[in-house]
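Please open the model in your viewer and keep the sequence panel beside it. The stops below say what to select next and what is there.

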Amino acid sequence: MKAIVEPERLQRLLVNVLVCHGKPALLDAHVGVFSAKGVVFKDITLEALAVNAVFSSEYFLEFEAKEGEQVPFSKSLLDIMKDSFKKEEKVEIRTKKDKIYLQGKWQDYEEPFVEAELCEIPFPFVAHMTMGLLPKDLDPVVQILVKADILIGLPKVDRLLFTCDGKQLSVFAEDVGKFRKVITPSRTKVLREMLGDTEMLFEKYLFDKIINQFGPKTEVWLTLRKDAMILSQRSKDYMLTYMLSSLGSF
């Protein structure tokens with residue numbers, strides 16, 4: 001594998017697939033599977049969280065790869081990108097034998113492949129034209145498009161409760177007091193069949209890690225099904241999907 005990419009885009013890729021917001025990253029490493037079309041990341045080692053991400057060859061300035069080549073991307077690679085390569089105009093990333101290399105204009109870095117297993121998600125996904133990667137058997141109860149920043153900065157609690165009465169989706173955070181926020185869709189015209197009755201709990205720590213993977217000024221599809229929340233986004237050269245298991249309901 002060999003690719004040339006702007007440093008901020010390589011750093012964003014690493015942040016997204018390692019599920020990093022602040023420290024620590026949720027994953028120590030994530031194996032990317034390469035082809036001429038790009039690179040695919042799938043992981044379910046966290047049990048409560050599934051990650052499915054695709055970055056097309058157009059995401060990079062230059063790109064070449066062998067079909068089926070597997071490359072582990074580590075949090076140490078992310079750390080060196082943040083610390084030493086962010087001011088580069090572009091960065092070359094390549095593999096040779098069992099090592100991965102970064103090359104800038106005046107600096108370079110190499111590390112051996114870290115130990116990481118390819119951990120496939122045990123059910124199929126399909127690529128939707130606007131929503132991105134979604135489970136093939138989705139069966140949604142609630143599905144709306146929202147601005148990512150509406151879900152950022154919720155109170156510091158252990159759990160979040162999402163409720164929908166068929167007309168309005170809300171999120172509750174309860175500690176000493178009880179906080180409620182109505183989640184308004186980005187587009188005012190929302191089909192009623194996309195809003196069903198539901199009440200579901202999610203771990204706030206994991207939710208925060210996920211929602212901060214999306215740019216605050218971007219839009220994200222929020223899907224609730226009976227057992228999980230799915231946050232998905234499709235851009236012209238990448239697709240991001242995170243699936244968080246429900247803790248149940250009150």
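**First stop: a buried arginine**

Select Arg225, which is buried, with a relative accessible area of 13% (buried means under 20% relative accessible area, exposed over 50% and partly exposed in between, with a 1.4 Å probe and protein chains only). This is a predicted model, in which local features need pLDDT of at least 70 and side-chain atom pairs count only at pLDDT 80 or more, while totals for chains, interfaces and linings use all residues. Residues are numbered from 1 along each chain as its sequence is written, and side-chain values use heavy atoms, with hydrogens and water left out.

Arg225 belongs to strand β17, residues 219-225 (helices, H or I with at least four residues, and strands, E with at least two, are DSSP runs numbered from the N terminus). Now show the surroundings of Arg225: leaving aside residues up to four places away in sequence, Arg225 touches Pro135, Asp137, Leu138, Asp139, Pro140, Val141, Met200, Ile230 and Met243, where contact means heavy atoms within 4.5 Å.

Which backbone oxygen does the side chain of Arg225 reach? That of Asp137, at 3.2 Å. The side chains of Arg225 and Asp227 are joined by a polar contact of 2.6 Å (a pair of N or O atoms within 3.5 Å; within protein, one must be able to donate a hydrogen and the other to accept it, and residues adjacent in sequence count only if both atoms are side-chain atoms).

Next select the open sheet of four strands, whose order is β15-β14-β13-β16 and whose pairing is antiparallel (two strands pair if DSSP finds at least two bridges between them). Its edge strands, each pairing on one side only, are β15 (178-182) and β16 (197-203). The twist averages 20° from one strand to the next, with axes taken as lines fitted to C-alpha atoms, for helices over the stretch in contact, and angles running from 0 to 180 degrees between N-to-C directions.

Strand β14 (residues 169-174) is joined to β15 by five bridges, and Phe172 stands opposite Arg180 in β15.

Finally, select strands β7 (residues 91-96) and β8 (residues 99-103), which run antiparallel and are joined by five bridges. Glu92 stands opposite Gln103 in β8, and in this hairpin, with two residues between the strands, Lys97 takes a positive phi near 55°. Moving on, β8 and β9 form a hairpin with four residues between them, and Leu102 stands opposite Tyr109 in β9.
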